[in-house]
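Here is a quick tour for anyone meeting this structure for the first time. Have a look at the sequence and the model, then read on.

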Amino acid sequence: KQSLQLARVVWLLLMQKNFSLSSMTFKAYQIEELNGVFSGSVKTLETPSIDEGHIIVKVDYSSLNYKDALAATGVKGIVRQYPFIPGIDSAGTVIQTSSKDFLVGDKIILTGYKMGMSVNGGFGGIVHAPANWAVKLPDGLTLLQSMEIGTAGLTAAASVKKLEDANISKKLPVLVSGATGGVGSIAMNILAKLGYTVHALTGKSDQVDILKSMGSTESIDRDKFLENGIKALDKALYGGAIDTVGGDILSKILSIVDNGGVVTSCGNVAGAKFTSSVFPFILRGISLHGIDSAESPIELKKALWDNLANDWKVLLQNQTKIIKLEEIGPEIKKILDGKQIGRIIIKHGE
């Protein structure tokens, strides 16, 4: 046993020296821009030299998110300059460190902050990032499971936490919009595990069985939900809601949440603006919380990951599709067309 421990220490030291002194290449799905046209392809790139306070991570898995798809297609305000490697999520092994908080060989998770925006992200087999953006992989999760969760799952968990902290009544169901998407699907899984009755609001009314497998007991068609218009205050049907789409959907949701209820907002695919009145707030005392898990304090992220590795742990392998770097392009189009269901995971190293 002591020999094995000594061998591991020697190996880690050799790895540290090797990666700090030798050049190494890696594969990445890089986005390039030519005359206003954006295209992605797999490139072989050199590993950057390490900066103070940073870590270099060999990525095992990363995930595809809506923001990654926007970055890959040149939507303004996401990425500053190209060529660039998107990917706001990644999980892997530290191969070089200039931080006292991490050792070579540590398994870590990187989500949010400026990953995949101003710092090359998880669509590459190597990530170079500030150490204070990273969380050590908690016991109870594998690297693959952490990416099945990713930023979408952290956003879902942060939303659920708002409902839990408010101790909303479980006598009425919780409504989740954008239910087949990354945030919505994971939110439903967590809510169902915690004993809430969950209703799924969706534009994919043909996916009832899939939505049930994610934790919903009832599916509501998005168009029917809006067909009678939006009132300042309507019949209270829900104890709370997790809205991932914004726009008129959020306006309607606010009018149908019961006294003391909580609504969280984390997306805008249905519109960046919404209209409401003061009545849900002053007559029912509901609360509206914005969720931004990407820029959340690292301590909150650690707490959410601990929850997701323990009491809130959900198994998402049946809602996950694993792809290779070369297969990212069609999945980007699918997510932008609103046809993506569940989570897309990128496996590196093959």
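Predicted model: local features only at pLDDT ≥ 70, side-chain atom pairs only at ≥ 80, totals over all residues.

## Lys235 and its neighbours

Lys235 is in contact with Ser255, Ile256 and Arg284, leaving aside its neighbours within four places in sequence; contact here means heavy atoms within 4.5 Å. You'll find Lys235 in the loop between helix 6 (222-226) and strand 11 (238-243). Helices (H or I, at least four residues) and strands (E, at least two) are DSSP runs, numbered from the N terminus. Lys235 counts as exposed, at 62% relative accessibility. The cut-offs are simple: buried is under 20% relative accessible area, exposed is over 50%, and partly exposed is in between (1.4 Å probe, protein chains only). Lys235 and Ser265 are 30 residues apart in sequence, and their C-alpha atoms are 21 Å apart in space.

Ser255, one of the residues that Lys235 touches, belongs to helix 7 (residues 247-255), where eight of nine residues are buried. Those eight are Gly247, Ile249, Leu250, Ser251, Lys252, Ile253, Leu254 and Ser255.

Residues are numbered from 1 along each chain as its sequence is written, and side-chain values use heavy atoms, with hydrogens and water left out.

The pLDDT score is the predictor's confidence in each residue, from 0 to 100. Its mean over the chain is 91, and 93% of the residues reach 70 or more. Confidence is lowest in helix 1 (residues 2-21), at a mean of 49, and highest in strand 11, at 98. Over residues 17-22 pLDDT stays under 50, and the model has four contacts beyond four places in sequence for them.

## Helix 3 and its partners

Which way does helix 3 run relative to helix 9? Helix 3 (residues 143-165) and helix 9 (residues 298-309) pack at an angle of about 105°, with their axes 10 Å apart, and they are therefore roughly perpendicular. Axes are lines fitted to C-alpha atoms, for helices over the stretch in contact, and angles run from 0 to 180 degrees between N-to-C directions. Under 35 degrees counts as roughly parallel, over 145 as roughly antiparallel, 65 to 115 as roughly perpendicular, and the rest as oblique. On the helix 3 side, the contact includes Gly150, Leu154 and Lys161, and helix 9 brings residues including Lys301 and Trp305.

With helix 4 (residues 182-193), helix 3 crosses at roughly 55°, and the axes come within 8 Å. That makes the pair oblique. Among the residues in this contact are Ala152, Ala156 and Val160 of helix 3, and Val183, Ile186 and Ile190 of helix 4.

## Thr111 and Thr151

Thr111 sits in strand 5 (residues 107-111) and is buried, with a relative accessible area of 3%. Not counting residues up to four places away in sequence, Thr111 touches Ile88, Asp89, Met147, Gly150, Thr151, Leu154, Ala294, Lys301 and Trp305. Thr111 and Ala134 are 23 residues apart in sequence and 7.5 Å apart in space, C-alpha to C-alpha.

Thr151 lies in helix 3. Is Thr151 buried or exposed? At 9% relative accessibility, Thr151 counts as buried. Beyond four places in sequence, Thr151 touches Ile88, Asp89, Thr111, Gly112 and Ser293.
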